[in-house]
Amino acid sequence: MSAQRTAWRDARLVAARAETGAARTLVFKIPGWPGHLAGQHVDVRLTAEDGYSTQRSYSIASATDGDLVELTVQNVPDGEVSPYLVEVLEVGDEVEIRGPVGGWFVWRPSSERPVLLVGGGSGIVPLMAMIRARRQAAGRTPFRLVYSVREPGQRFYAGELRRHDPADAGLDVAYLYTRAVPDGWPRPAGRLTVADLNTHGWPADFEPDCYVCGPTGFVETAADILIALGHDPRRIRTERFGPTGG
Amino acid sequence: MGIISRGFRGRPRDEGVKLPPGQYLTHDFPVLSAGPTPRVRLDTWEFTIDTETGQTHRWTWRQLLDLPSETPTVDLHCVTKWSKLGTSWKGVSLDVLMEDVETTAEYALVYSYGGYTTNLPLQDLLDGQAWITYEYDGEELAPAHGGPARLLVPHLYLWKSAKWVRGIRLLNEDWPGFWETAGYHNYGDPWREQRYQGD
């Protein structure tokens, strides 16, 4: 391959905001950033004073915006990198970032197929990048998001999704809660079911592109349900993360 | 050395463990796949090797299990940064499967149930470097980890160890596979940190 090596770039934190009690959106300024597609990820490298360094991959949350790149990081208890990014890193601090990476779990605004996004927990992050890229492109492709979280306080981007930005016309959002629901919520707390994706997804006849992201068990379940509902496995793109017992 | 991240200390260093650059140690077995997990039936399962001259060698599930097996214990290195050491597998060496295959091809394209593909030089599949595995840690291989059978070629990043393996096509020319056409390195040597195109 004659492709050029993707460079490590210095990335300065220029803003940060809490998404939940344990998740934080980090806005990095990365001079020379080449832009990215919605759904791609970056590698983040941290280096300690003694020269020890370690890397992790994080999905990009934002649409392309010059040299600004947003990540949303969930604090993994006992993690080596995420507690630093969520609790220690301050505006003005620097890390190194390499990317963008990944050419499969991506959505391009030029695509005209309907889109079904199915996110579990922090699996919403790359899906949000797709929603934001659609908004940025003033896209009219119909989008549906099915977003499963433990309880309402665990939602990322809640205000932004609630705002009904006119540019988000044609985006439907359905929340599923697995542990606790708001008062008067019609659906009892519980894990994703066939009925959920049958109600809030697209009929398979519409041939939507499906993007499923979340913990392994969630993704396995969601993908199996989509196949059972008649969706072509080749149009179901998945991104799994987190440990698994298997 | 890169820029110092203020206040970052990292985990205590385990000096006894040598990992490829940029990797960290995990004791879990994370799952990475680009699509749904295919459910593969054993009564219709088959593994084939197609040569560059159009010859096909075919094994049923029963025939695979009847071949002499090995129980390699190997380290796994995933391009997403985790490494898992000392994993135990059971399967058939590619040397056994290639024994009666006549070929002068230099490249292999591995393909899977579900449509996944990955490419590597044929020599990386030979000389005790690769297996078609059907047991992990003493148990039958779970579908999420590639069962009923997956290729195991542990000296390369784990995406080369194709899950749900169905066959190998031997080719005179290199034919990039799924991740190799989606921005990842064509060869994928973890010790040279060949993660992405251009590395």
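A salt bridge is counted here when a side-chain nitrogen of Lys or Arg lies within 4 Å of a carboxyl oxygen of Asp or Glu. The structure is a predicted model, in which local features need pLDDT of at least 70 and side-chain atom pairs count only at pLDDT 80 or more, while totals for chains, interfaces and linings use all residues. Residues are numbered from 1 along each chain as its sequence is written, chains are lettered from A and ligands numbered from 1 in the order in which they are written, and side-chain values use heavy atoms, with hydrogens and water left out.

**Annotated spans**

For chain A, UniProt lists residues 6–107 as "domain: FAD-binding FR-type" in an unreviewed entry; UniProt positions follow the numbering used here, feature names are shortened, and annotations may be inferred rather than shown by experiment. That span of chain A is 7% helix and 48% strand, and its end C-alpha atoms lie 21 Å apart. Helices (H or I, at least four residues) and strands (E, at least two) are DSSP runs, numbered from the N terminus. For chain B, the UniProt annotation "domain: Oxidoreductase molybdopterin-binding", also from an unreviewed entry, covers residues 35–179. This second span is 7% helix and 39% strand, with 12 Å between its end C-alpha atoms.

**Salt bridges**

Side chains of opposite charge can pair when their charged atoms come close. Over all chains, a search of the whole structure finds 28 salt bridges, and three of them are listed here.

| Salt bridge | N to O distance |
|---|---|
| Arg17(A) and Glu19(A) | 3.8 Å |
| Glu207(A) and Arg113(A) | 3.8 Å |
| Asp43(B) and Arg41(B) | 2.6 Å |

The side chains of Glu207(A) and Arg113(A) meet in one of these bridges. Glu207(A) lies in the loop between helix H4 (194–200) and strand S10 (209–215) of chain A, and Arg113(A) in the loop between strand S6 (94–101) and strand S7 (115–120) of chain A, so the pair ties together parts that are 94 residues apart in sequence. Relative accessible area is used to sort residues as buried (under 20%), exposed (over 50%) or partly exposed in between, with a 1.4 Å probe and protein chains only. Glu207(A) is partly exposed at 39%, and Arg113(A) is partly exposed at 33%.

In the pair formed by Arg17(A) and Glu19(A), Arg17(A) is partly exposed with a relative accessible area of 37%, whereas Glu19(A) is buried with 16%. In chain B, Asp43(B) and Arg41(B) are both exposed. Returning to chain A, salt bridges that share partners join Arg17(A), Glu19(A), Glu70(A), Arg132(A), Arg135(A), Glu160(A) and Asp168(A) into one network.

**A strand residue in chain A**

Ala18(A) lies in strand S1 (residues 8–20) of chain A and is exposed, with 64% relative accessibility.

**Backbone features**

Two cis peptide bonds can be described. The bond from Gly99(A) to Pro100(A) is cis, with omega near 0°, and Pro100(A) is found in strand S6 of chain A. The bond from Gly147(B) to Pro148(B) is also cis, with omega near 15°, and Pro148(B) has its place in the loop between strand S9 (139–140) and strand S10 (150–152) of chain B.

Lys81(B), although not a glycine, has a positive phi of about 100°; this residue sits in the loop between strand S4 (73–77) and strand S5 (82–93) of chain B, and Lys81(B) is buried at 0% relative accessibility. Glu193(B), again not a glycine, has a positive phi of about 45°, lies in the segment after strand S11 (165–171) of chain B, and is buried with a relative accessible area of 15%.

**A buried loop residue in chain B**

Leu156(B) is placed in the loop between S10 and S11 of chain B and is buried, with a relative accessible area of 1%. The C-alpha atoms of Leu156(B) and Asp189(B) are 4.9 Å apart in space, although the two residues are 33 apart in sequence.
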